[in-house]
Amino acid sequence: MPDSHDTETTQRKRRDALAALKAARGKYIFGSKVRLRRKKLTDVRNDYTWQSDPELARLDAAPVLKLSFAVYLLDYIEAIHRRERNRFPLAIETLKGEHIGNCTCYAIDDRKSEAQVGIMIGDRDYWDKGYGADTINTLVDHIFSSTLLNRVYLKTLDWNLRAQKCFRNCGFVRYSAANRNGYNFLFMELSRERWQKKHKKT
Ligand SMILES: CC(C)(COP(=O)(O)OP(=O)(O)OC[C@H]1O[C@@H](n2cnc3c(N)ncnc32)[C@H](O)[C@@H]1OP(=O)(O)O)[C@@H](O)C(=O)NCCC(=O)NCCS
């Protein structure tokens with residue numbers, strides 16, 4: 001049985017959401033179709049290919065990468081070693097270990113008790129097969145079970161119906177819409193309360 005000091009220490013750690021997310025992670029965070037892991041240097045080829053892909057950039061409202069691979073690699077090495085202050089980036093792998101995309105918990109805000117999530121499955125062979133939903137469910141479960149955060153939110157382009165359906169299937173609901181830099185975004189959220197209710201049903 002944990003003594004009161006242990007409980008206090010655990011609670012204090014959980015209040016620092018980024019520390020709690022990192023501490024609770026083993027080598028992998030397992031879902032039923034995917035496993036999530038820390039980003040590593042060998043992801044660089046796929047990430048370069050995906051960020052240079054015009055269709056993926058359009059779906060993500062991001063600019064198409066124009067850097068040479070050599071310059072991108074230098075930035076990548078620096079980014080891999082950077083101590084992230086409020087971001088928790090992860091690679092998405094199939095259970096067999098194939099790197100198919102990335103997801104991130106970012107804008108982690110302990111004061112507001114919320115964080116944003118993002119996902120990109122770069123390998124088209126894995127679209128529409130439930131890998132996105134399993135990734136989001138796995139990431140959200142990890143966030144709510146290891147931190148005290150009360151709300152997870154995300155944004156997606158208003159015409160990206162696949163993404164919206166995927167997020168709705170994971171329990172996210174629309175709460176707002178806005179134009180940012182010329183793009184029409186839809187904002188969706190999942191509260192801890194709603195997440196808990198969903199888990200009670202399953
Ligand atoms: C968006 C993304 C994460 C979704 O992951 P995924 O594995 O493809 O999605 P899932 O299979 O889990 O769910 C997709 C759902 O959308 C549905 N769908 C697919 N195309 C659709 C469309 N044009 N309109 C409505 N629903 C659609 C699927 O039928 C499925 O719903 P169902 O499981 O109830 O049948 C992934 O496709 C992706 O990363 N795409 C490229 C980048 C991108 O869109 N980025 C923006 C993310 S905000």
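Student: In the hairpin of S7 and S8, which residue takes a positive phi?
Tutor: Asn 181 does, with phi near 50°, and the hairpin has two residues between its strands. Strands here are DSSP runs of E with at least two residues, helices are runs of H or I with at least four, and both are numbered from the N terminus. Keep in mind that this is a predicted model, where local features need pLDDT of at least 70, side-chain atom pairs count only at pLDDT 80 or more, and totals for chains, interfaces and linings use all residues. Residues are numbered from 1 along each chain as its sequence is written.

Student: How many bridges join S7 to S8?
Tutor: Seven, and the two strands, S7 (residues 173-180) and S8 (residues 183-191), run antiparallel. Ala 178 stands opposite Phe 185 in S8. Strands count as paired if DSSP finds at least two bridges between them.

Student: Why does S7 lie largely in the open?
Tutor: Because the number of buried residues among its eight is zero. Buried means 20 or more other C-beta atoms within 10 Å of the residue's own, exposed means 12 or fewer, and partly exposed is in between, with C-beta atoms placed from the backbone.

Student: Where does S7 sit in the sheet order?
Tutor: At the end: the open, mixed sheet of eight strands runs S1-S2-S3-S4-S5-S6-S8-S7. S1 (29-30) and S7 are the edge strands, each pairing on one side only.

Student: New topic: at what angle do H6 and H7 pack?
Tutor: About 45°, with the axes of H6 and H7 (residues 161-169) 9 Å apart. Axes are lines fitted to C-alpha atoms, for helices over the stretch in contact, and angles run from 0 to 180 degrees between N-to-C directions. That makes H6 oblique to H7; under 35 degrees would be roughly parallel, over 145 roughly antiparallel, 65 to 115 roughly perpendicular, and the rest is oblique.

Student: Which H6 residues meet H7?
Tutor: Gly 132, Ala 133 and Ile 136, which meet Cys 166, Phe 167 and Asn 169 in H7. Contact means C-beta atoms, placed from the backbone, within 7 Å.

Student: And Thr 138, buried or exposed?
Tutor: Thr 138, found in helix H6, is buried, with 23 other C-beta atoms within 10 Å. Not counting residues up to four places away in sequence, Thr 138 touches Ile 29, Gly 31, Val 34 and Leu 36.

How values were computed
Contact = placed C-beta atoms within 7 Å.
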